[in-house]
Amino acid sequence: MDLKKIKRSGDTSDLLLQKLLEEIVNGTLVAGKPIRETQLALKWEVSRTPVREAVRSAAAMGLIELRPNQRPVVKNYSQEDLIKLTEVRVSLELLAFDFSIDILSSSKRTKKLLDSSIKVQNLNSNDKFTKKALQLDEDLHRLWIDSCENQFIVLTFESLWTFIRILQRAAANDSNRAARALSEHIAILEAIYEGEKNIARQLLEDHLRSSTPILQELLKK
């Protein structure tokens, strides 16, 4: 979308918020570093006002820290933050799973995702593999979120997903971790497809919790 074609300030701010979030997620805006709103305005060819509004919106989401008489900074996440996020995510996804399992066990979407995951697993562990594995990771976790038929779960998950992506980025270059996660995904999907609800649920919980120690180590660096 061309920013120059956007007429309304609100539309510009919304688009800039998405651009801002993406730069936080991909690491272009570094955690703990000041955000220079003037530079972003020049980069995006807009006035500073919608940039400031986007920064404030990101701060309201908990992604940026506003400091009196200082530039805003991208928030740095601690191990305690990671633990709290994991607990909320596990509870939310298991709840969505419970609501959607009867639909998922006979869903064409489940079978398609399982087939795609097996296909990617057969690729060599390279950059292409890691990128595809990360996309499948999002597709997997959205499977029960999209199917749970509960708008409040969906809205809560969407608010968490940016935080999850930020932490995922820390492990994104670890092809071994990506391969291990993909194997766990396949086991979950196979259990769902075969109607083994309790097994699939336990595999999902184990999968969600297994990344925490790895990310804790990465946060120390």
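**Notebook: a predicted helical model**

I started by counting elements: the protein chain has 9 helices and 2 strands. Both kinds are DSSP runs numbered from the N terminus, with helices being H or I over at least four residues and strands being E over at least two. This is a predicted model, where local features need pLDDT of at least 70, side-chain atom pairs count only at pLDDT 80 or more, and totals for chains, interfaces and linings use all residues. Residues are numbered from 1 along each chain as its sequence is written, and side-chain values use heavy atoms, with hydrogens and water left out.

**Entry: the whole chain**

I read the order from the N terminus as α-α-α-β-β-α-α-α-α-α-α. Then I looked up burial: 42% of the 221 residues count as buried. Buried means under 20% relative accessible area, exposed means over 50%, and partly exposed is in between (1.4 Å probe, protein chains only). Next came contacts, meaning heavy atoms within 4.5 Å. Of the contacts with a separation of 6 or more, 72% are between residues 24 or more positions apart.

**Entry: the core**

I looked up the largest nonpolar core, which has 59 residues, and L20, I24, V51, I64, W144 and I192 touch the most other members. Helix α4 (residues 79-104) gives the largest share of this core, 9 residues. Such a core is a set of buried Ala, Val, Leu, Ile, Met, Phe, Trp, Tyr and Cys residues joined through side-chain atoms within 4.5 Å. I then picked I64 and left aside its neighbours within four places in sequence: its contacts include L20, I24, I35, V55 and P72.

**Entry: α2 against α3**

I learned that two packed helices are described by the angle between their axes and the distance between the axes. For helix α2 (residues 37-44) and helix α3 (residues 48-60), the axes come within 9 Å and cross at roughly 120°. The axes are lines fitted to C-alpha atoms, for helices over the stretch in contact, and angles run from 0 to 180 degrees between N-to-C directions. The contact is made by E37, T38, L40, A41 and W44 of α2 together with R48, V51, R52 and V55 of α3. I noted that these residues divide into 5 nonpolar, 1 polar and 3 charged. Here Ala, Val, Leu, Ile, Met, Phe, Trp, Tyr, Cys and Pro count as nonpolar, Asp, Glu, Lys and Arg as charged, and the others, Gly among them, as polar.

**Entry: two buried residues**

E23 sits in helix α1 (residues 9-25), and I put it down as buried because its relative accessibility is 10%. Not counting residues up to four places away in sequence, E23 touches T28, L29, L40, K43 and W44. Its side chain joins that of K43 in a polar contact of 2.6 Å. That term means a pair of N or O atoms within 3.5 Å; within protein, one must be able to donate a hydrogen and the other to accept it, and residues adjacent in sequence count only if both atoms are side-chain atoms.

H207 is in helix α9 (residues 197-220), and it counts as buried because its relative accessibility is 5%.

**Entry: loops**

I found L66 in the loop between β1 (64-65) and β2 (73-74). L66 counts as exposed because its relative accessibility is 51%. N69 lies in the loop between β1 and β2, and has a positive phi of about 60° although it is not a glycine. I checked the rule: most residues other than glycine have a negative phi.
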